[in-house]
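Biologist: I've got a structure open and I'd like to learn how to read it. Can you walk me through it?

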Amino acid sequence: MADNCFAGVDVGSLSTDVVIINASGKCLAEVVIATGLNGGETAQKAFDQSLNQAGLAQEQIKAVTATGYGRASVAFATGKTTEISCHGVGAHHLFPNTGTVIDIGGQDSKVIQVDERGRMLDFTMNDKCAAGTGRFLEVMAHRLELGLNELSDPLNIKGETVQISSTCTVFAESEVISLLAKQTPREQIVNGLQRSIVNRIWSMVTSIGIHGEVTLTGGVANNQGLVLVLEEKLGKKLNVPENPQTVGALGAAHIALRGYHK
Ligand SMILES: Nc1ncnc2c1ncn2[C@@H]1O[C@H](COP(=O)(O)OP(=O)(O)OP(=O)(O)O)[C@@H](O)[C@H]1O
Ligand SMILES: [Mg+2]
């Protein structure tokens, strides 16, 4: 049984994610649950599940770094760090040649430039409105009566598209309503929506510039259609982690490990 272990807890607007690693950085547990009304309780629940998954007792966790917008509510954390630092470090551990990280979460999106150790050099973020975030896609999926998996289908972006010109989520939703009233096929609307969100992200990417390999993190990296549109724009493949939602928590766990050894 591993003795010295470290945890990262990311309390995001939609998901709370926990990763436990051992002293060599090996991942022992990974948990993603929906963030409830009480961030502190959700974090404790996700942490308990991760201890259970790893077969560890709480005393074996030597340091816990909390991140995400709800990090202040994590009572059992021994340290707290911004999501920007955590996504950089997490992406670096999964893809060591990462120079640029694009994190598209539920509530905000960020483009982060990192150095050869995953440390942040520069970043830009959109946290002012839902456009360019996972929440935008959820609102539209609901309006189109599609599940997130159906909306994410890569087949939707292969055919014709329509222009969605509003950048505001509320106005874009009105555009979708009029397109539906004109009997526009849903796949064309989805195609237009995926392209509109990528355009929002793209303006952030160009303001920071592309450096090295580009790693996509956050739950929206599960949206395969969006990944393809972004790759088309980028002109190269993105690094897409197997569990994109836990990259921030993974980075937080590594920051806890580094801090303990200092
Ligand atoms: N299977 C899936 N297919 C498509 N999209 C998905 C899937 N799972 C999650 N998402 C997207 O991921 C988003 C949530 O991402 P994530 O869990 O990274 O957010 P968060 O970290 O809680 O938010 P934030 O970082 O903004 O506080 C959802 O809004 C949804 O659009
Ligand atoms: Mg997040």
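Biologist: Let's start with the domains: how is the protein chain divided?

Modeller: Keep in mind that this is a predicted model. The chain splits into domain 1, made of 1-95 + 243-262, and domain 2, which is 99-240. Their C-alpha centres sit 26 Å apart.

Biologist: And how many residues of each domain are in contact?

Modeller: Here we count residues whose C-beta atoms lie within 7 Å. On that count, 17 residues of domain 1 touch 24 residues of domain 2. On the domain 1 side, helix α2 (residues 83-94) gives the most, with 9 residues. That side of domain 1 has 7 nonpolar and 10 polar residues, and no charged ones.

Biologist: Now the ligand. Why does ligand 1 lie between the domains?

Modeller: Look at who supplies the shell. Domain 1 and domain 2 both give residues to the shell around ligand 1, so the ligand lies between them. The shell has 23 residues, and the closest are Gly12, Ser15, Gly105, Gly134 and Gly219.

Biologist: Which helix gives the most to that shell?

Modeller: That's α3, with 4 residues. Both α3 (134-143) and α4 (148-151) supply at least two residues each. By type, the shell has 5 nonpolar, 15 polar and 3 charged residues.

Biologist: One last feature: what span does helix α5 reach?

Modeller: Go from the first C-alpha to the last. Helix α5 (residues 169-181) has 13 residues and reaches 18 Å, close to the 18 Å expected at 1.5 Å a residue. Just after α5, Gln183 takes a positive phi of about 60°.

Key. Residues numbered from 1 in each chain as written. Chains lettered and ligands numbered in written order. Predicted model: local features only at pLDDT ≥ 70, side-chain atom pairs only at ≥ 80, totals over all residues. Domains from an automatic or database assignment. Contact = placed C-beta atoms within 7 Å. Nonpolar A, V, L, I, M, F, W, Y, C, P; charged D, E, K, R; others polar. Expected span 1.5 Å × (residues − 1). Near = placed C-beta within 6 Å.
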